[in-house]
Amino acid sequence: MARIIAPSMLSADFGHLDRDTRMIDKSAAQWVHIDVMDGVFVTNISFGFPVMKPIRNATSKFLDVHLMIVEPEKYARRFVEAGADSVTFHYEATNAARHCIDEIHAAGAKAGISIKPATSVEVLRDLLPSLDLVLVMSVEPGYGGQKFMDSALDKIARLRRMIDEAGLPTLIEVDGGISVHNARLLFDTGADVLVAGNAIFGAADPKAEIDRMLAV
Ligand code: DX5
Ligand code: ZN
């Protein structure tokens, strides 16, 4: 299993986006997580295409875009054009999941689906062979700095079984309330990629915090 850390730029200092992205670029984190919110799918608005550019310009790391927007199929391709290496959309946000996956793949990026805390992993069973990653939310999407929900653990374990039984390479990513305190448990339960915002950007030494999370 992979052990990947994806710092969430939602917790970066937007007044110093270039500086913070370069800091992550020099860290041991393998991915950079980018949270896009539309104020409709979630009750918060973050940023859109223009903010992708300074991030893309400041790092060659894998840009992992997490869309918390309705009708993601309309915008997925533009996020790939803006530099996304993967585009993950919410299962709950569209009736056109297959079409959205196809759009992302046709644009040349990896495709992921995210599920909110109340959504069962079972809804993904038929889609799994087409997915490069599944993002399990361990908080209600919309804000950084929330408490990790233990109910995510059972979902990660179930998903791990589903993926392994089918012999698929699909990665499991977990997002929300993650820190050095639960990273080991999450990797052991079957997660491949851990997103962390507050725990990294709120640390006195973010790069050292990433090292600690990778060494659990
Ligand atoms: C929440 C976002 C997360 C968020 C995580 O809707 O999807 O990526 O930035 O932040 P922390 O790690 O602070 O919970
Ligand atoms: Zn996210």
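Tutor: Lys and Arg count as positive and Asp and Glu as negative, while His and the chain ends are not counted; the place of a charge is taken as NZ of Lys, CZ of Arg, CG of Asp or CD of Glu. On that basis the protein chain has 22 positive and 29 negative side chains, with the centres of the two sets 3 Å apart. This is a predicted model, in which local features need pLDDT of at least 70 and side-chain atom pairs count only at pLDDT 80 or more, whereas totals for chains, interfaces and linings use all residues. Residues are numbered from 1 along each chain as its sequence is written, chains are lettered from A and ligands numbered from 1 in the order in which they are written, and side-chain values use heavy atoms, without hydrogens and water.

The protein chain holds eight helices and eight strands (DSSP runs numbered from the N terminus: helices are H or I, at least four residues, and strands are E, at least two). Of its 216 residues, 53% are buried (under 20% relative accessible area; exposed is over 50%, partly exposed in between, with a 1.4 Å probe and protein chains only).

The part to examine is helix 2, residues 49–58. Its buried residues are Met-52, Ile-55 and Ala-58. Seen down the helix axis, they fall within an arc of 135 degrees, so they line one face of helix 2 (the arc is that of the directions from the helix axis to the C-beta atoms). Pro-50, Lys-53 and Asn-57 are exposed on the other side of helix 2. The buried residues of helix 2 pack against helix 1 (17–25), strand 2 (31–37), strand 3 (62–68) and helix 3 (76–81), where contact means heavy atoms within 4.5 Å.
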